[in-house]
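Student: I would like to learn how to read helices, strands and salt bridges from a set of coordinates. Could we work through one example together?

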Amino acid sequence: MEKISLKLHEILTLDAELNGAKNQQTGEVTIKGLANEKLSLVVKYHMNELSKKVAVEKQSVETLREELIKKLGTEEDGQVFIKMYDEVKDEEGNIVSRSLTENFLEFNKEYDTLLNEVKELEYRPFELSELASIETEANYDVFFKLIKAPTE
């Protein structure tokens, strides 16, 4: 086992690289995910173990994000949200000016600070040869850091 230090936003990216991701509005698959590729059972096992560790961190980030939304947001019809813009309208109802709200700016600042926190992740390095059969158009930047390339 080895350890790697990743920022929390990289861990969220790694989750999508491993498990795939969908567009939340359309449901369209935006990234298939390495765990959904045809791989040996051993490689799938180690990806699954890594995915479990990543899921714990993802859940922690999501919980903190929801708490921040509750702290800075307002409740309307049973849902809490952060208003993005303050708008000034003329007599006809046309928007004359628009500015980001203080709470939205504060949310972005605090959430960005959280996502830049570094977490150490223990993993089993993947051999480049184990992944040689995968053909993909996707770029798995964070996962590539976990591959042990052969030395020349």
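Tutor: Let us begin with helix length, for which the expected span is 1.5 Å times one less than the number of residues in the helix. Please keep in mind throughout that this is a predicted model.

Student: What span should the 32 residues of α2 have, and how far apart are its end C-alpha atoms?

Tutor: At 1.5 Å a residue, α2 should span 46 Å, and because its end C-alpha atoms are 45 Å apart, the two values agree.

Student: Which residues in α2 are buried?

Tutor: The general idea is that an α-helix has 3.6 residues a turn, so residues three or four places apart point the same way. In α2 the buried residues are Val-43, Met-47, Leu-50, Ser-51, Val-54, Glu-57, Val-61, Leu-68, Ile-69 and Leu-72.

Student: With which residue does Glu-49 form a salt bridge?

Tutor: A salt bridge requires a side-chain nitrogen of Lys or Arg within 4 Å of a carboxyl oxygen of Asp or Glu, and by this rule the count comes to 10 salt bridges. Glu-49 is paired with Lys-52, with 3.1 Å between the closest N and O atoms, and both residues lie in helix α2 (residues 41–72), three residues apart, or about one turn of the helix. Glu-49 counts as partly exposed at 27% relative accessibility, and Lys-52 is also partly exposed, its relative accessible area being 47%.

Student: Where do the partners of the salt bridge between Arg-98 and Glu-87 lie?

Tutor: The side chains of Arg-98 and Glu-87 meet at 3.0 Å, N to O. Arg-98 lies in strand β7 (residues 95–100) and Glu-87 in strand β6 (residues 85–89), so this pair ties together parts that are 11 residues apart in sequence. Glu-87 itself is partly exposed, with 34% relative accessibility.

Student: How many bridges join β6 to β7, and do the strands run parallel or antiparallel?

Tutor: The two strands run antiparallel and are joined by five bridges, with Val-88 standing opposite Ser-97 in β7. Their hairpin has five residues between the strands, and in this hairpin Gly-93 takes a positive phi near 90 degrees.

Student: Which residue meets Asp-86 in a salt bridge?

Tutor: The partner of Asp-86 is Lys-83, and their side chains meet at 3.5 Å, N to O. Asp-86 is partly exposed, with a relative accessible area of 37%, while Lys-83 counts as partly exposed at 46% relative accessibility.

Terms used
Residues are numbered from 1 along each chain as its sequence is written. This is a predicted model: local features need pLDDT of at least 70, side-chain atom pairs count only at pLDDT 80 or more; totals for chains, interfaces and linings use all residues. Side-chain values use heavy atoms; hydrogens and water are left out. Helices (H or I, at least four residues) and strands (E, at least two) are DSSP runs, numbered from the N terminus. Buried means under 20% relative accessible area, exposed over 50%, partly exposed in between (1.4 Å probe, protein chains only). Two strands pair if DSSP finds at least two bridges between them.
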